[in-house]
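Have the sequence and the model open side by side as you read.

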Amino acid sequence: MTKYAHSGLLPDKSDWQTLEDHLHEVSRMAGEFAEPFDAGPWAEAAGALHDAGKAYPEFQLRLEGKYPAFDHSSAGARLARLVYPKNQINEGNPLVPIVSGHHTGLQNNSEVEGRIRLDSETHPDDDLRDEFAAYETMLPPEDISTRRALLPLRRPVDCRREELATFNMFTMERLIFSSLVDADWLDTERVRSPENYEVRLAAREVQCTVEQLLERLVTYRSERFSGAPNTPVNSARAEMLERACQLADSPTGIFLLDMPTGSGKTLTSLEFALRHAKKNHQTRVVYAIPFMSIVEQNARVFKEALGRGNVLEHFSSYDFGFSEVGKDSAGAQQDDVGLKERMLVQNWSAPVIVTTNVQLFESLFSNRTTRSRKVHNIANSVIVLDEAQNLPDELLKSTLAMLESLVCIANVSVVICTATQPGLEECMPFRSQVKSIIDERTRHAELFGGRVEFDISHVSEESGGEGAIDIDCLADEIASANQALCVVSSRRAAAQVFDALRERLGCADSVLHLSALMVPEHRTQVLEEVRHRLRVGEPCRLVSTQLIEAGVDVDFPLVLRELTGIDSILQAAGRCNREGALGRRGRVVVFECKDFASMQRPSRSWLAKVKALGRETLKVAALEGWEPFGAQSVAYYFKRRHQVGNLDGADGKPIYGCIVDDHWQKYLSDGSYPFETISERYRFIDNEEIGVFVPWGEGGERLLGRIESDEAWGYDFFPQIQRHSINVAPWSYKKLQEAGQIRRIDGFPISVLEMRDGSHPVYDEERGLLDPETVDLSALIV
C-alpha cells in the first residue's frame, strides 16, 4: 500500500506526496547541505529517518482526518538506534536528538528519552522495523562512523583537546540538525507551495558568485573615491586597504582587523572577506553588527555596491508569518522583491548577509527549528564581526568557542573588526591563533588619534567627587559651542541634558536629541538634519545615547562623553574631527555629571561596571605615564574587564561549561547535549523588550490606516513597520498598558501606541517615547 507524507486537496490523492518521495528528497538535500562540513552521510541518514513515524497506520489515518495528532518524530529516533547501534558507530548516536527534534526543536536528553519510551510502548521495535522496511534502502551504510571529521574515534590526549572535541560535536550536531530542518521545510514547500519554491529558486539563480561580487565592489570603490583629496588620512586608509587585500590570500582562520575609527573599516572588511572567500572557495559573507541602528546603514552601502539581490538584511525583532506565495492572510498580491527577500531570510540563501549579533549567535545556540534552519548556511562562510568589543562579557567564552569550532570543522573564517583592540585573542578557549591584518596599527592610530585632544579634567578620582560637574555647567559648555555632540549613557540622562539645553537656548532648532526610544524613521530624519547643519556650518547641538557611537558617520568639532568604558569613549571620539578637516585638533571632553547619579537604575549594573573600570584605567594611566586613551590604556582596560567579569554565563548558569564539562563521557553514552538548557541560557538580552508600533509622522499614520483597514499588507509593509516601531522594557510596557496608551489590533502581531487628536500623549516630537516614570500617566487614563 502506498504511504503518504503530506495530504493534498484532490480526493483521488493524485496531489498527495508519497512518503518515499519525501524521505528521498529530504535525505538528498540534507546530505548536500552537510557536505561543506563533511557530514553528508549523517545528514542523509537523518533525512531518511526523520518521518519514519509517518509509516504508521495511525498517521495515514491522520492524513485522512480520521485520527488525532500524535508524535511521529520519535519513531525515527528509535530507528536511528536500531539501524546504527552504539557498538557499530563506536560513539553516542547524534541522530537520536536530531531526528527526534526536527519539529519540536532540539531537546534535553530526558525529554527525548521520555518520548522514545512512549513510542516504544505503542509500537514495538519489530513493528517499527516492519513498517519502515520498504524505505530502509535509502539509509547510508553503517560505516558512516568512519568519517573522522564527525566523530573523533579516540579520546583526546589532553583536557583542552577533549574540550574542543566535545564542543565540535555540539556544533556538528547543530549543523546536521539545521541541514535536516531546512531540507524538510524546503521539500514540503516544493510540494505544498510550488509557487513559493519557484520564487525561491528564481531569486537564487540571479545572485552573483563571490568572484563577481568582488569585481563589483572594486568598481564601486574606484568610482566612489576616485576624486578623494590626497590627504594623510585618505593615504592611510588606502594603505590599510592594500594591506588587507594582501592578507586576504591567507588560509582560513581567525583574523583581527584593528583599524582606528574613521579609517574605512566597513568597506575594507567587506573587501577582505570577499577576497578571502574567493581564495578559500567559500560561498558567503555574514556581516554581523551589534546595533540594529546601523544594520540598515551598512546594508544600504553594500546593496549600492553589490546589488540588492545579493545582500540580505536580517534584523527584524518581530516574526511576521505568511502562508501563500505572493499573498498575505487577506489574499492580495505582494511586492515581488520583498517576497523574495522574505523567503531567502528564512535560511540565509544569499551571498552576503547583514545581520545583528543577536540574530547570528542566538541562532547558533538556539534549539528552535525556525532559528536553526539557517545555521548550515553559516558553514563555508566568512563571518565578519563589526565592533567586536561589544560582545557581551558573560557570553564571551561560549561565543568565542563557537567561532573556533566553526573554523575547525566548517571551513569558516572569522574577521574580528574593532577600533579598540579588545584583546579577544587572549580569551580564545581553545587558544586559536588570531592573525592581525594591519601590522602598522600604532602608526595609523597616531595619525587618526592625532585628530583630537582629550580633556579629562571633569573626571573625579572617586564617583561623584571633585571634578564632576553639574548639569547646568554641562549645558553651558555645550551651548557655548556652535556645533557639539554630547553622548550620555542612559535615556534619562539624554532627556535631562536636552531639556537643560532647550532651557538655555530657548526652543532653538539647533538642539536635537537621539535615543532608542525614537522610532528608526524619526532617528533617520534627525540625523539628516544634523548632517545638513554640520555640512553648511549652521548651529547644531546634538544630545544622544551611545547608539551614535557605532558606525554613524557624523563629524563634530567638539564631543562631550560621559565617563564610561574606554572603548566607548574612543568610539565617541571617532565622531570628532572625523575627516581631519578642522585645521586643528578637535576636542573630546570626558565628564561626570553629579546630577546623573540619582537616575541610575539598579538593573544598569553593566554601565556601573564599565564606568568604574574606565575610571580605574585613567588613574593607572596617570600613574604609569601612559596616554589616557592610548594602546597601553586600552589593553589594560580590556584585560581588567575580562578579569573581573564572568565570561561564561550569567547568574551562575554556565553555557560553555554546560557543553564541555564531563560531556565527553556523556556523549559517548547517549550522543546528546542539554540543547534546551543551553538555548535558554544563551541570550543577549535577559529581559526581552516588547515591540510597539508608533504611528509617527505622515508615513506612520498611513501605515496605521492600512493596519486598521481591510487592505492587504504585503511583504513591503513589514520593513516599514520596523521603521516605525520601538522596543519597550516590560515594566514600561505595563505602565503604558495600564494608562490605556497602547492597544492591540486583530491580526497585527505587535501593540500600537494610541493616538489622540492626531498626536501621541506619550511620544514627544523631540525625545520620542517619554519615560513613564517622569510623566503623570494617571492624567491620561480615560
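Strand β11 (residues 483-487) is largely enclosed by the rest of the structure, because five of its five residues are buried. Buried here means under 20% relative accessible area, with exposed over 50% and partly exposed in between (1.4 Å probe, protein chains only). This is a predicted model: local features need pLDDT of at least 70, side-chain atom pairs count only at pLDDT 80 or more, and totals for chains, interfaces and linings use all residues. Residues are numbered from 1 along each chain as its sequence is written, and side-chain values use heavy atoms, leaving out hydrogens and water.

In a regular strand, side chains alternate between the two faces of the sheet. On β11, Gln 483, Leu 485 and Val 487 are buried on one side, and Ala 484 and Cys 486 are buried on the other.

So who pairs with whom? Strands are DSSP runs (E, at least two residues), numbered from the N terminus, and two of them pair if DSSP finds at least two bridges between them.

| Pair | Bridges |
|---|---|
| β11 and β13 (residues 540-544) | five bridges |
| β11 and β14 (residues 558-562) | three bridges |
| β3 (residues 254-258) and β9 | three bridges |

Within these pairs, Val 487 stands opposite Ser 544 in β13, Leu 485 faces Val 559 in β14, and Phe 255 has Lys 435 in β9 as its bridge partner.

That last pair belongs to an open sheet of seven strands, in the order β5-β6-β4-β7-β8-β3-β9, with parallel pairing. Its edge strands, β5 (311-314) and β9 (434-436), each pair on one side only.

Notes: Helix = DSSP H or I, 4+ residues; strand = E, 2+ residues; numbered from the N terminus.
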